[in-house]
Amino acid sequence: MAKPVVIVVGADKGGVGKTTVCRTLLDYFSVNKVQTRAFDTESPRGTLKRFHSNITEIVDMTTTADQMRIFDTLNSGLSVTVIDVRAGLLSVALNSLRDIGFLDSVKSGQITFAVFHILGPSIASLDEIAETANFMNGAKYFLVKNFINDTQFFQWDQSTYDSYFHRIKGATELTIPKLNEMAYEQVEVASVSFVNFVANKGPLDEIANYSFVLRGYVRHWLANVWSEYDRIDLTDLTGTTAVPRSSET
Amino acid sequence: MPLEMPPTPVYIICSPGLQVGKTLIARLLSEFLLLKNGSVLSFDINLREPSLVDYLPKITETADVTDTWGKMQLMDRLILDDGIAKVIDLGFHAFDEFFKMCIEIEFVREAVRNQVAPIILFVGSADRVSSRSYEVLRHQIRAPALITVHNQFVLRGELPEAMDRGPVLRIFALPQFLKTYIDRLTFSFTGYLRHEKDSTTELHQWIWRNYTLFRDIELSLMRSARLGARR
C-alpha cells in the first residue's frame, strides 16, 4: 500500500494566499490523477470547500475530535491529504502534530510530510521560517513566494532572507506568479476550481459562459504554477508519475 | 456530402509603425466584406490616429486593449463563430499589447478550435522595428494566415526580403489627386463602383483589383478549411 502523504499549506499571517495555493495543488493532483482529499481549517465557514466541495471537509484543527478525523484516517486509501491551515495556526498545528507523534512517524519514514509555507512581504515572515524549521526533520519544506496578490517582498534584505533560508536543510523555494486581477476575481465569483474555470464549466459541471480572455489568463497562469510543481517533482513526492498535460488545461 | 461551413474570418490589420496605411486597408476590406456578405463588424483600436470609425461609423466599433475590461469586450466577440467577418484596425500604439495578450490567452489556437480563422494583414515597412515585429509574428502565425501588405503609397521600393517570402498583398499607389480624393471621410469605395459608370477609370480598376485580392484571400481560406475538414 502506498505511503500516506500529508501536505500542510500555511502561514502565520493572513491574506498571503494559502487557499489559492491549496486550490492550485488540488487542481494539479486532479489532472495528474492522484487521489486526494482536503481539509479546510477555516472553521466554521470554509473557503477551500467553496471551490473543491466534493473532496473538502471543514475541520477545527484545535479539537482532538477533528485531529482524529484527519490523522486516524490517513490509511483510508486516498494517497494525498492536503490541509489548508488557517492564518495564525501553522505553529499551533505543527506543535499538535509533534504532540500526537505524527512527526515521529515522518522521521521514521512511515508518512511523507510536506509543508508549503506561504511567505508574506514582511520581516515577520522570516521569523516564521526559523520557527517552522524546528519541525522539519524528515519533512519536505517548500517556501512559497506568492505574487498572486502582487506582493512585492519589499521589506526583505536578500542576505537576511538567504541566512534564514539556508538554516533549513533541503528547503526549496517556489514562486507563484501574479494572476490578472479581473481573472482572479471572476474565478472567486464563479466559485469553481481553476481547472473548471478554464474548461468553461460551472459548479455542477454545467457549461458556463466565462470570458474567453479571462479563461486564457487563468490557463496561462495555471500552466506556470504547475510548471513550478513539475520542477519540484511534486508527483514523485506522492509516488506517482506526472501525466503529460494536453494544452486544454 | 454536406458542404462544410467556412470558418468565421477575423482580419487583423496591423503594423508597429505609424502612418503606413492600415486604416486605408481596413476601409477597403470592410467595404468589400459588406458588399460580398451583406454584413461585417469592424473594430477600431486606433484612437490616437485618423481612424476607421470616422470613415465607417455604421459598421465600426471602437475598442481598447489597455485594460482587461476592454480586452474582454473585444476578444470575447472575436472568438465567436457567428459567420460575421470581423476587421480590426489595430493602431501602432496597441500593437505590442494586443499580440502579447494573444500569446498569453492563446488566441490563435483557441480561435481555430472555435471555427474562427484569424488572418493577420501585416503592413510592412523597411525599418528595423517592422522587421523585428514581423519575425515575432511569423513565429506565432504561419502562412497563409500571415499576409504582408505592400502598400506602395508608403513603401515605394521593395519589401524587406523576409516579408516577401510569404504571401504578399500588393496595394498599388494611386496618383496624389486620387489619393486625396479617396481620403475624404465621405468617400466610399463601393459607392464609387456603383455610381461611376465608366469602369475604365484608374480608380475604378484600382478598387476592383483590390477587391479581387481580398476575394482570393477568402477563397484560400475556404480551401484550407475544406482541406482541414477532410484530414
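**Exercise 1.** In β6(A), which residue is the bridge partner of V115(A)?

*Solution.* The model is predicted: local features need pLDDT of at least 70, side-chain atom pairs count only at pLDDT 80 or more, and totals for chains, interfaces and linings use all residues. Residues are numbered from 1 along each chain as its sequence is written, while chains are lettered from A and ligands numbered from 1 in the order in which they are written.

Step 1. Helices (H or I, at least four residues) and strands (E, at least two) are DSSP runs, numbered from the N terminus. Two strands pair if DSSP finds at least two bridges between them.

Step 2. β5(A) and β6(A) run parallel and are joined by 6 bridges. In β6(A), Y141(A) is the bridge partner of V115(A).

Step 3. Strand β1 (residues 5-10) of chain A also pairs with β5(A), in the parallel sense, over 6 bridges. There V8(A) stands opposite V115(A).

**Exercise 2.** Determine how many residues of strand β5 (residues 112-119) of chain A are buried, and on which faces.

*Solution.* Step 1. A residue is buried if 20 or more other C-beta atoms lie within 10 Å of its own, exposed if 12 or fewer, and partly exposed in between, with C-beta atoms placed from the backbone.

Step 1. By this criterion, 8 of the 8 residues of β5(A) are buried.

Step 2. In a regular strand the side chains alternate between the two faces of the sheet. One side of β5(A) carries T112(A), A114(A), F116(A) and I118(A), the other F113(A), V115(A), H117(A) and L119(A); both faces are covered.

**Exercise 3.** State the strand order of the open sheet in chain A and identify its edges.

*Solution.* Step 1. The 7 strands follow the order β3-β2-β4-β1-β5-β6-β7 (chain A), with parallel pairing.

Step 1. β3 (56-58) and β7 (172-176) of chain A each have a single partner strand, so one side of each is left without a neighbour in the sheet.

Step 2. From one strand to the next, the twist averages 20 degrees.

Step 3. K145(A) stands opposite T175(A) in β7(A).

**Exercise 4.** Describe how helices α1 (residues 18-31) and α10 (residues 212-231) of chain A pack.

*Solution.* Step 1. Axes are lines fitted to C-alpha atoms, for helices over the stretch in contact, and angles run from 0 to 180 degrees between N-to-C directions. The angle is about 75 degrees, and the axes are 10 Å apart.

Step 1. Angles of 65 to 115 degrees count as roughly perpendicular, under 35 as roughly parallel, over 145 as roughly antiparallel and the rest as oblique. α1(A) and α10(A) are therefore roughly perpendicular to each other.

Step 2. Two residues are in contact if their C-beta atoms, placed from the backbone, lie within 7 Å. T24(A), D27(A) and Y28(A) in α1(A) meet L222(A), V225(A), W226(A) and Y229(A) in α10(A).

**Exercise 5.** Locate the buried residues of helix α4 (residues 95-104) of chain B.

*Solution.* Step 1. The buried residues are F95(B), F98(B), F99(B), M101(B) and C102(B).

Step 1. Their arc around the axis, taken from the directions from the helix axis to the C-beta atoms, is only 155 degrees, which puts them on the same side of α4(B).

Step 2. These residues pack against β1, α3, β4, α5 (107-113) and α6 (128-140) of chain B.
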